[in-house]
Amino acid sequence: MNLSVHIDSKSGFCGGVIRAITKAEDFLSANGGTLYSLGSMVHNEAELARLEGKGLVTVGKEQLPSLEGADVIIRAHGEPPATYELAEKCGIKLIDCTCPVVLKLQKTIREAYARIRPQGGQVVIFGKVGHAEVLGLVGQVGGDAIVIENMEMLSKALEAGEINLEGPIEVFSQTTKSPSGYDRICEVLREKVKGEISVHNTICSQVASRHEQLLEFARDHDVIVFVAGKESSNGKVLFDLCRSVNDNAYHITAASEIDPSWFTDGDTVGVCGATSTPKWLLEAVAEKVSSL
């Protein structure tokens, strides 16, 4: 089959993920043995398997008490203050790889909460419920925040009176959420809230700029092969973006999932992915498509 295959030059790991993985690899190279990761280092099954082959072991918070004296890495998503307290209590040596953008957001949320709490204010976070980054953000205010995942959740929260419309309200977004989705949430809140409302631009600039660029990439190709892990929140957002402008967009996790029936002779094929998708996997997928 004669296909013209292009890899999106902007796809692949964001700076925070590169930093965390590099630190993990450097540690394992210098020390050997085992390094524990609190939660999945990256939401990509293939990359996790590669890192596990080097000695990285993923653990949950409930396992920390049994890891006294061990080295544990905090991934780019960040953690709530309670995690640091537990690690200290358990005698664990932490390697903190929280993304600097996430660290800044955590600090901003703490400061905002301290500012509005005496007035009965409220912190609202646009993010995926249960996502590691969001859990870390909510933990900055002792759980005293409301998480809104989409317009449906916002409507239900408003109907149930869970959002104090008298304000003050401070609104934030998970760093990897859709800018347009955040804009819609904020627009409704501005319409409904009678009191003071402050909206913070907390979506990572690298993620935000990807949206327009990826839309153009998806429009410019006959077929889009989007590569991302099943658990990648950013992957779901970006794939939905591709599908919004190209019906011939397919989400896969590995090259083995490619279906030749997706392509017609002469097609231009774009291979792209999430901020949690490694370059080597994009290249493997492109090579497989080219060989059809």
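What handedness does the β-α-β unit made by strand 2, helix 2 and strand 3 have? The unit is right-handed: with the strands pointing away from you, the path from the first strand over the helix to the second runs clockwise. Helices (H or I, at least four residues) and strands (E, at least two) are DSSP runs here, numbered from the N terminus. Before going on, note that this is a predicted model, where local features need pLDDT of at least 70, side-chain atom pairs count only at pLDDT 80 or more, and totals for chains, interfaces and linings use all residues. Residues are numbered from 1 along each chain as its sequence is written, and side-chain values use heavy atoms, with hydrogens and water left out.

Back to that unit. Strand 2 (residues 35-38) and strand 3 (residues 56-59) run parallel, joined by 4 bridges; strands pair if DSSP finds at least two bridges between them. Look for Y36, whose bridge partner in strand 3 is V57. Helix 2 of the unit covers residues 45-54.

Now for the pockets. A pocket is an open set of points on a 1 Å grid over the protein atoms alone, where a 1.4 Å probe fits, with protein on both sides within 12 Å along at least five of seven lines; lining residues have an atom within 4 Å of a point. The largest pocket holds about 410 Å³ of space, a volume being the space filled by probe spheres set on the points. Its lining has 17 residues, with F126, E149, N150, K177 and V237 nearest the centre. Helix 7 (179-192) and helix 9 (233-245) are the elements that give two or more residues to this lining.

V237 is worth a stop. This residue sits in helix 9 and counts as buried because its relative accessible area is 16%, where buried means under 20% (1.4 Å probe, protein chains only). Its C-alpha atom is 8.8 Å from that of A274, 37 residues apart along the chain.

The second largest pocket comes in at about 330 Å³. It is lined by 24 residues, and C14, V17, H77, T176 and T275 lie nearest its centre. Helix 1 gives the largest share of that lining, 3 residues.

Finally, the largest nonpolar core has 18 residues, and I148, L154, I163 and L189 have the most contacts inside it. Such a core is a set of buried Ala, Val, Leu, Ile, Met, Phe, Trp, Tyr and Cys residues joined through side-chain atoms within 4.5 Å. Helix 7 supplies the largest share of this core, 5 residues.

How values were computed
Buried means under 20% relative accessible area, exposed over 50%, partly exposed in between (1.4 Å probe, protein chains only).
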